[in-house]
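Take a look at the model shown here. The report below walks through its helices, its strands and the contact between its chains.

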Amino acid sequence: MANELTAGKTFGALVDIPRCIGCESCSVACKLYNGLDWEAERKQLTPADRAAEANKGLWPEDWTSITQYNPEKDGERTLRFVKNQCFHCDDPACVSACFSKAFQKMPEGPVIYDQSLCVGCRYCMLACPFDIIKYEWGKAIPGCRKCQMCAPRVAQGEAPACVSVCPTGALFYGEKDQVLEEAKRRIAENGYIDHVFGEREAGGTSWFYISDVPFAAMRFRTDVTTRALPSYTKSYMAATPVVGIGWAAVLAGLYIYNNKGKDHLD
Amino acid sequence: METVRKRWTFKMTPVRGIFILVALCALAIIVVRLILGLGATTNLNDQWPWGFWISFDVLIGVALAGGGYGVALIVYVLRRDKFYPIARSAMLTSLLGYVIVVLGLLIEVGQWFNFYEPFISWGHHSVLFEVFWCISMYTLIQVLEFGEIATEKVFKGAHKLLKRIMPVLLVVGITLPTLHQSSLGGLYYEMIGKLDPLWWSPLLPPFFLVSSFFVGPAMIVLETALAQKATNHVVPVPILKGLVKISAVAMLIYFIAKIGDLFVAGEIGNAFAGTFASNMFLLELGIGCAVPLLLFFAGACAKRGGLILYGLCAVAGVVMNRFNVVLTGMGEYLNRAGGQYFPSWMEFVVSAGLVSIACLIYLFAVENFNITGGPKHEENAPQSGKFAAE
């Protein structure tokens, strides 16, 4: 997949919230590139409507969305737009939760999903720390749906479709450490809140957010653990075979010892 | 050959008629679910991807089937032979519990036809991977264990072989549930920050394991009380008393660990916060542990009535615990932005139907195979000499 431009590199994206004007070009580009369906009815919805949805406007056919909030800044109500999509965690909970490897973390950064391997247990949806994964409840043969970070484009050294169309520079894309550097430069330059959301959240992600108003006022999950979620299960899973074999050995020993010289029970 | 008797029997009674009716309704809904999908039959949604079927059919089904591996451990491995008369029925109910679990899972997952994927595409980092392997293997083992009983009557040629491998089946058949009973709790490790800390704990796996162990005898007490009417099989009180004693010791350990865990995590105050979740938590521990432990230590479990009350409380407690983990404990997080879930009537009917199917199979098996043994069934069970309690 990767070519000479991308081999060995990891990419990330930055969302500069104050720079976003809510034009939703990114949403349109996403639909076009990924061939996602759209309903005329849902086109009537505004970013404010989406902000009121439990899903923040993310649906099986809406992999990215713009939500609008009116947080307070310097004592006045202001207008801020947030782009929502999968964070593409460094050590993703969905990948570790999936028991049939339907989710995969690409070396370049994207976390992708393959429906042909999916059983449909939906453990990934509950495990996801940002509640990104959506399910096709209406279909007889449903799958999970979420942003794939335009994995084929990223592998070829191109930016995801959404980033490539952003007219304001609110979206910035590149190698991950450069994106982080840019995030910190913009924070210093514009006097933003000194927090790159996504740098540590859930153990680190590929999508970073910077803002001049508190993240909590824009439905960010600010209380999310900064430990990578798979680390909670790793030692448990590593211990399982040892415990299992040890316990079986103990049982076998007890069985032999206790049945010695006795008639076997049926 | 012994006396001529009908090879297969199934006595129709009004209760069995109801079971059949409910099972047929459930099957009809299952057909609808397979054709129209989960959205048309359940109230599950993107905020609530797991609901009634996961909590009842799977988590509660597996927990309440804990009597099977528990009794196998006590009788066959530790050779407490006095419990032998209930071994076969306990292990059969466990098998039927897993039949509910497997059928329930098959209709619960979206792409049921892909059920075998984890066998070939190993997501071995997932706790669910372990649960899946253990539950499938254990169900298979239980079928073979039942095969050892069934081949007394049909396919007699295989009986000797099955009997010979029984020790292996038993040892593996205790190891696997020990693993997956705990791992069902381990599934919720990933839900840190989502599941209420009254339930989320690094000790979730041992909590799930121990509760499945102590609820086993409680289920056996209830099952034998129910089956007594249907099958004329009376289990002597001393056997049940002995089982409940084992259960109560495990329950006491669980109860102390549970409270200790809250103290260590600094969450004990939240148990009395007066919220819906905290009240459910108190109810769960009160009815599920405090009351039965009081009953036991007050000596009320010497009689059948006290035993049944102990059984009812312990089962209710574990049922509440599993519902609380999947539903109550996740509620505050999943509903915080306007999510909501209450099971649809179809979800209830399907679960009731699965239970009905299991009951029907149980009744059929008890009538046609030597499950309950004992002198009462002398005429139906030619080999019953072996089954007298020691």
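## How to read the angles

Axes are lines fitted to C-alpha atoms, for helices over the stretch in contact, and angles run from 0 to 180 degrees between N-to-C directions. Helices (H or I, at least four residues) and strands (E, at least two) are DSSP runs, numbered from the N terminus. Two packed helices are described by the angle between their axes and the distance between the axes.

This is a predicted model: local features need pLDDT of at least 70, side-chain atom pairs count only at pLDDT 80 or more, and totals for chains, interfaces and linings use all residues. Residues are numbered from 1 along each chain as its sequence is written, while chains are lettered from A and ligands numbered from 1 in the order in which they are written.

## Chain B: overall build

Chain B has 13 helices and 0 strands. Its pattern along the sequence is α-α-α-α-α-α-α-α-α-α-α-α-α. The radius of gyration of chain B is 21 Å, close to the 21 Å that the globule rule gives for 390 residues, so chain B is as compact as a globular protein of that length. The radius is taken over C-alpha atoms, and the rule is 2.2 Å times the number of residues to the power 0.38. Along the principal axes, the C-alpha atoms of chain B fill a box of roughly 70 × 55 × 40 Å.

## Chain B: two partners of α9

Helix α4(B) (residues 66-77) packs with α9(B) at about 95°, and their axes are 7 Å apart. The two are therefore roughly perpendicular to each other. The cut-offs are simple: angles under 35 degrees count as roughly parallel, over 145 as roughly antiparallel, 65 to 115 as roughly perpendicular and the rest as oblique. Among the residues in this contact are Gly66(B) and Val71(B) of α4(B), and Phe213(B) and Ile220(B) of α9(B). Residues are in contact if their C-beta atoms, placed from the backbone, lie within 7 Å. By class, this contact has 6 nonpolar, 5 polar and no charged residues. Ala, Val, Leu, Ile, Met, Phe, Trp, Tyr, Cys and Pro count as nonpolar, Asp, Glu, Lys and Arg as charged, and the others, Gly among them, as polar.

Helix α8(B) (residues 159-186) also meets α9(B) (residues 204-231). Their axes come within 7 Å and cross at roughly 130°. α8(B) and α9(B) are therefore oblique to each other.

## Chain B: a parallel pair

Helix α3(B) (residues 52-64) packs with α13(B) (residues 345-368) at about 10°, with axes 10 Å apart. That makes α3(B) roughly parallel to α13(B). From α3(B) come Phe52(B), Trp53(B), Phe56(B) and Asp57(B); from α13(B) come Glu347(B), Ser351(B) and Leu354(B).

Chain A holds an open sheet of 3 strands in the order β10-β1-β11, with mixed pairing. Strands pair if DSSP finds at least two bridges between them. The edge strands are β10(A) (171-175) and β11(A) (207-210), and each pairs on one side only. Neighbouring strands are turned by 20° against each other on average, direction ignored.

Strand β1(A) (residues 11-16) pairs with β10(A) in the antiparallel sense over 5 bridges. Ala13(A) has Tyr173(A) of β10(A) as its bridge partner. Helix α8(A) (residues 176-190) lies across β1(A), β10(A) and β11(A), and runs at about 140° to β10(A).

## Where the chains meet

Chain A gives 50 residues to the contact and chain B gives 53. Which element gives the most to chain A's side? That is α9(A), with 14 residues. This side has 31 nonpolar, 11 polar and 8 charged residues.

Technical notes: Contact = placed C-beta atoms within 7 Å.
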